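The sequence and structure come first.

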Amino acid sequence: MSTDTRGGAAEPLVAVQDLVKRFPITRGIILQRQIGAVHAVEDLTLHIARGETLGLVGESGCGKSTTARLMARLVEPTAGSIRFDGEDITHLSGRAMQHVRRKVQIVFQDPYASLNPRQSVGQIIGAPLRIHGIEGDRRRQVQDLMEQTGLNPEHYNRYPHEFSGGQRQRIGIARALALRPSLIVCDEPVSALDVSIQAQIVSLLTDLQKEHDLTYLFISHDLGVVRHVSDRVAVMYLGRLVELADRDALYERPRHPYTAALISAVPQGTGANRRRIVLQGDVPSPANPPSGCPFHPRCPKARIISGDPAVVPENCATEMPSLTAVAPGHTAACWYPLVPGDDLIAAAEGMAPEVVEQAEEAATA
Amino acid sequence: MSEVLLEVRDLVVHFPTPDGVVKAVDGVSFTIERGRTLGVVGESGSGKSITFLTVMGLINRKSARVSGEVLFEGRNLLEATTEELRHIRGDRIGMIFQDPMTSMHPMYRVGDQISEAILAHRNVGKREAGARAVEALRQVGIPAPEQRARQYPHEYSGGMRQRAMIAMALVLDPDLLIADEPTTALDVTVQAQILEVIDELKQRLNIGVALISHSLATVADVSQDVMVMYAGRPVERGTRGEVFDAPLHPYTLGLLSSVPRVDVRVERLVPIEGSPPSLINVPPGCAFHPRCPYRFDPCDRDVPDLRDRGGGHDDACHLSAEAKAANRRERLDMQEPVT
Ligand SMILES: Nc1ncnc2c1ncn2[C@@H]1O[C@H](COP(=O)(O)OP(=O)(O)OP(=O)(O)O)[C@@H](O)[C@H]1O
Ligand SMILES: Nc1ncnc2c1ncn2[C@@H]1O[C@H](COP(=O)(O)OP(=O)(O)OP(=O)(O)O)[C@@H](O)[C@H]1O
Ligand code: SF4
Ligand SMILES: [Mg+2]
Ligand SMILES: [Mg+2]
């Protein structure tokens, strides 16, 4: 783990507190009435230490990208605060915000959509330098960035369509590096790439981190990649942080039932037959999240506690468990964190799809 | 006794285009047995879908040059009439695709769509077909199937739509199920459900399954046999244990040592360099040679044959058995878990 110790008690590079983002759901074309809200991020509190990689995992729609965009201040939070490098940037604007923007960069999932097809690679990578009025020989700076990211500097005048998917992602990374940021938010940086290309990009990102002392928020639904790159890992479910721990603790001793099920669901490719925790039901809609613990309709641990697949404990169904320390540096938001001997496989097998559906209906009524 | 359901021999599918001939499938052979799952892996554009679309007779034969044999119960489907194919599809061979939204009609109730398939192939009344549709939905684990049958596809979640697709593919009791990336569009926890449903049905109904995926790990978890494809050809073929525990081909070895795992953390990933080739200008010799760290004299000249290296474990690579074993030891040493 690479936590900064230079300045005494190290201040984290990023700290978000009780962050909330809700997107209004409206109806009507001329007179738009708000009829509800998507709870994209709810009460998110976490920090990222200097030089570390914080992995962020969770299933589609759980709020990972929204978290990324909040941290980069690309969307306004509904509530809560964001501190960057010791400064409250929640409501910063204008010149002060410009300064922060240089320090926080995003690498996006889709290398095709995030590059302007009408600009040459040189223009794309050089754009941040131009916008922020950075002095110097721009061509040399850009070619240097191309070299660092494994692109041929002679391809300076080529256009995005002349590059493969992996190379386009390298272009996106070179652009993100141009302003010498301290935080790079990588939002699914390898998900759109061919399997054989993903490792190239992952290795590039880890090499660059060492060279430039970068801090990463690394978002992926691929739990294998996240285990490989992260120092600590955060797990989200329906907009909420449900568990956060050091990498190995999280993968080897998950305490939240959802984390355990998520890890167990990942195909492992070990070539051996393996039993896994198969959750019933789908991830519920963030527009109408279940009452109490958002995971309770699908949760096998809650059934271990109640002893009945059709029943969940009262607190799981009605009260949101807060994020609590379960071990040093390890927090989980669960009324009944996992303990050795909990047989989630058997408990999940005992749950019929109907039971989960009924629990969901009861919880979102 | 093993029973071969499907045997594909030397299948070739070439698409002539203004830019040149796209060699989408270029000599693919395999068999699928009853009660077993063949996992087919390969990266985007390696010819997985085209292979199985051709098996199903769903390739426009005017735009493609097709040769080889597709033997289903001894009959070569490449010579079958449209009418015969229509009967075999659905009735004997079921197919599910990556995106269930595109293969279900948005305007009709799910139950009616399944009944429709039954009525087209079976001599039963509407009422009976409806009852069978509900039963099929129940079989794939859809809660309250009587009510769900009356809903439209958009009222289903992604996982439920994929279950309904499986129900539709299996309602006529086919002998073979072809599943083309059935879980790629789904969440991880829902993927696990779908793989479980397919595996459970395979055992209970004793059918053969082809599971196509770009993920080696997905295939490893539920297949008995595995075929790895690269640039329109199989490069390795064997049982799951053979391919995963004793990979022969440098591409397979490359995939195994470049994909990070959830169960252990390895010190270093060893990426495969370069990118997949164009299928119009496939590299001469072994198509993988420009990216292969072990290439030597004949590789850029001679196309390696897919050959049995003992016990039905085949690969297509010029290296000697000793060299492959040494590469494997060296690579897998680097993959020792970090402690
Ligand atoms: N601009 C927006 N307007 C309305 N709803 C939005 C907006 N952006 C995101 N959402 C909703 O907020 C929720 C969280 O979305 P987000 O993109 O953060 O999820 P994610 O975890 O990144 O998912 P994925 O893995 O699919 O990328 C989703 O339900 C999404 O539909
Ligand atoms: N009608 C066509 N004309 C020309 N080329 C085609 C045609 N149909 C498919 N191809 C090409 O054939 C190749 C093999 O395609 P196929 O869909 O089988 O790949 P795949 O292995 O299934 O990939 P993916 O993982 O992306 O689904 C691709 O390069 C594709 O562009
Ligand atoms: S709080 Fe209850 S329902 Fe939620 S994860 Fe823990 S045991 Fe399961
Ligand atoms: Mg996202
Ligand atoms: Mg395909």
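## Interface between the chains

The contact draws 47 residues from chain B and 44 residues from chain A. The model is a predicted one. The size of an interface is often given as the accessible area lost when the parts come together. Here, chain B and chain A bury about 3800 Å² between them, and carbon and sulfur atoms give 54% of that area.

On the chain B side, the residues that lose the most area to chain A are Asp221(B), Val262(B) and Arg265(B). Together they supply 20% of what that side buries.

## A helix pair across the interface

Two packed helices are described by the angle between their axes and the distance between the axes. The crossing of helix 9 of chain A with helix 8 of chain B is left-handed.

Helix 9 of chain A makes the contact through Tyr258(A), Leu262(A) and Ala265(A), and helix 8 of chain B through Val188(B), Thr189(B) and Ala192(B). Of the residues in this helix contact, five are nonpolar, one is polar and none is charged.

## Domains of chain B

Chain B is divided into domain 1, covering 106-168, and domain 2, covering 246-337. The C-alpha centres of domain 1 and domain 2 of chain B are 44 Å apart.

How values were computed:
Residues numbered from 1 in each chain as written. Chains lettered and ligands numbered in written order. Predicted model: local features only at pLDDT ≥ 70, side-chain atom pairs only at ≥ 80, totals over all residues. Heavy atoms only, no water. Domains from an automatic or database assignment. Left-handed = near helix turned anticlockwise from the far one by under 90°. Helix = DSSP H or I, 4+ residues; strand = E, 2+ residues; numbered from the N terminus. Contact = heavy atoms within 4.5 Å. Nonpolar A, V, L, I, M, F, W, Y, C, P; charged D, E, K, R; others polar. Buried area = accessible area lost by both parts, 1.4 Å probe.
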